[in-house]
Amino acid sequence: MTAPPPFRPGRRAVLAAAAGLAGAALLPRAAGAVAAADGAVALTAGPARVSLVGPPHPQTTVWAYNGTVPGPVLRWRQGDTARIAFTNALAEETTVHWHGLRVPVAMDGVPHLSQPPVPPGGRFTYAFTLKDAGTFWYHPHANSAQQVGRGLAGVLVVKEREPVPVDRDLVWALSDWRLTREAAVDDGFGHPMDASHAGRLGNTVTLNGAIVDAVPVRAGERLRLRLANLAGARVFALEFRGHAPQVIALDGHPVPPHAPDGDRVVLGPGQRADLMLDLTGAPGERFDVVDSFHPRQTYRLTSLVYGSDAPVRRSPSDTPVVLPANPLPPLDLAGAVRHDVVIEGGAMGRLPDGMAMTPAGPFWTLNGTAPMGHAAHAGPPLITVKRGQTVRMGFVNDTAWWHPMHLHGFPFRILTRNGAPSPREEWRDTVLLAPREAVEIAFVAEEPGDWMLHCHVLDHQEFGMMAVLRVA
Ligand code: C2O
Ligand code: CU
């Protein structure tokens with residue numbers, strides 16, 4: 001094995017993802033969450049010191065849930081009621097948002113819009129019933145670019161009612177960090193250069209909070225791999241060299257098992273993909289997992305390293321894993337109301353007439369509006385629909401940049417891309433729009449309340465790309 005490249009700050013140091021720490025951190029650091037008195041899970045956001053890049057580099061001060069990055073994997077079963085006793089041990093206000101879960105609006109964790117922000121030292125108990133099985137995540141919704149960028153994020157798994165036949169079920173939480181030479185989180189949040197371009201891209205990618213050289217596997221195994229992109233800006237396109245993963249769920253919701261388009265699993269910020277991965281290699285073999293989204297900055301995320309044990313089974317099972325559908329409300333496309341959301345702005349773009357880009361923002365608009373910061377959302381909603389209504393929404397990305405558009409509260413179906421029917425009409429909660437792309441989605445506005453619609457590139461969100469959908 002070649003010596004691991006040194007950790008280097010700077011764009012190319014994303015290569016640090018390929019560095020040492022053999023075999024470490026296959027599992028998230030926190031084996032589980034702490035149970036509070038009343039059966040609730042105790043979750044505390046606060047500063048912590050962790051070894052992100054490993055020796056010889058110093059530890060990194062992060063903001064963490066229960067002292068680890070990512071936070072503990074929270075696990076329940078479909079139909080359970082989750083109770084989370086949250087404590088804010090940060091020096092600033094925060095909230096917790098349950099990304100992708102169908103919860104009542106009062107549990108949605110958006111400051112001012114769905115709850116008062118939790119002050120330093122404050123507490124808030126979140127409680128909701130888990131309607132859908134799948135891979136979800138949680139993160140703050142206050143000062144998001146900085147709070148997520150410093151480490152506050154974790155994966156939430158809702159198990160199916162009946163166990164799914166796989167040998168192992170693994171979470172791979174992907175995070176992206178901008179670190180200094182001393183392995184400290186770079187303080188320069190909200191930089192106009194990031195906010196008007198692709199967002200704050202880091203220089204170090206971690207897998208479950210560490211640089212993981214090797215993931216040990218056994219020949220013949222069938223894995224369920226839950227990939228979650230917790231990064232504030234980075235898009236991943238993962239290639240599993242020598243393997244043929246099948247995508248079985250996107251953003252938590254089952255899809256007919258299929259090979260990823262172009263043999264790359266593309267994950268925009270906030271997105272998840274569940275893969276079924278048959279380990280078809282032989283004992284002793286090693287295969288790289290590579291992120292090639294930025295073709296000139298392709299790097300090795302980790303490697304699948306086969307142990308010397310005899311294969312678990314002779315030939316891989318040929319029955320695909322088909323997950324049971326979640327109980328999503330049926331769409332009434334014939335009776336749908338139509339709403340369009342046009343995205344403008346960004347570097348090499350323009351804002352609508354009468355608006356100017358200043359170094360303080362805004363840089364982006366949705367239908368010509370550009371609220372800055374969450375407090376601005378006391379204002380009028382961008383779109384109002386009736387409860388129970390099917391909404392057909394058309395996004396038009398009139399910019400030169402990628403945008404993962406996320407809607408709170410309502411999983412949506414992807415109907416068309418650039419006018420062509422989407423082959424699988426998958427359900428998602430975040431849709432990645434390529435530059436100049438147009439996408440149509442549809443959803444049922446089943447829960448009343450004010451819900452956020454925003455870009456999940458967190459600097460874009462804070463510099464204009466957010467809006468409110470009111471369901472009345
Ligand atoms: Cu993952 Cu509004 O957020
Ligand atoms: Cu964006």
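Asp 213 counts as buried at 3% relative accessibility, where buried means under 20% relative accessible area, exposed over 50% and partly exposed in between, with a 1.4 Å probe and protein chains only. In this predicted model, local features need pLDDT of at least 70 and side-chain atom pairs count only at pLDDT 80 or more, while totals for chains, interfaces and linings use all residues. Residues are numbered from 1 along each chain as its sequence is written, and side-chain values use heavy atoms, with hydrogens and water left out.

The side chains of Asp 213 and Arg 300 meet in a salt bridge at 2.7 Å, N to O, a salt bridge being a side-chain nitrogen of Lys or Arg within 4 Å of a carboxyl oxygen of Asp or Glu. This pair links distant parts of the chain, 87 residues apart, with Asp 213 in the loop between β11 (204-207) and β12 (215-217) and Arg 300 in strand β20 (residues 299-306); helices (H or I, at least four residues) and strands (E, at least two) are DSSP runs numbered from the N terminus. Arg 300 is also buried, at 17% relative accessibility.

## Other salt bridges

By the same rule the count comes to 28 salt bridges. One of them joins Arg 102 to Asp 132, with the closest N and O atoms 2.7 Å apart. Arg 102 lies in the loop between β6 (97-99) and β7 (123-129) and Asp 132 in the loop between β7 and β8 (134-139), so the pair ties together parts that are 30 residues apart in sequence. Arg 102 is buried at 5% relative accessible area, and Asp 132 is buried at 2%.

In the salt bridge between Arg 150 and Asp 187, the closest N and O atoms are 2.9 Å apart. Here Arg 150 is buried, with a relative accessible area of 11%, whereas Asp 187 is exposed at 60% relative accessibility. A network of salt bridges links Glu 160, Asp 169, Arg 224, Arg 226 and Asp 274.

## Cavity linings

A cavity is a set of points, on a 1 Å grid over the protein atoms alone, where a 1.4 Å probe fits but cannot get out, and its lining residues have an atom within 4 Å of a point. The largest cavity holds about 230 Å³ of space, and of the 21 residues that line this cavity, the closest to its centre are Val 148, Gly 149, Asp 176, Ala 231 and Gly 232.

Arg 102, already described in a salt bridge with Asp 132, is among the residues that line the second largest cavity, together with Trp 427 and Glu 446.

Terms used:
Chains are lettered from A and ligands numbered from 1 in the order in which they are written. On a 1 Å grid over the protein atoms alone, a cavity is a set of points where a 1.4 Å probe fits but cannot get out, and a pocket is an open set with protein on both sides within 12 Å along at least five of seven lines; lining residues have an atom within 4 Å of a point. Grid points are joined across faces, edges and corners, and a volume is the space filled by probe spheres set on the points.
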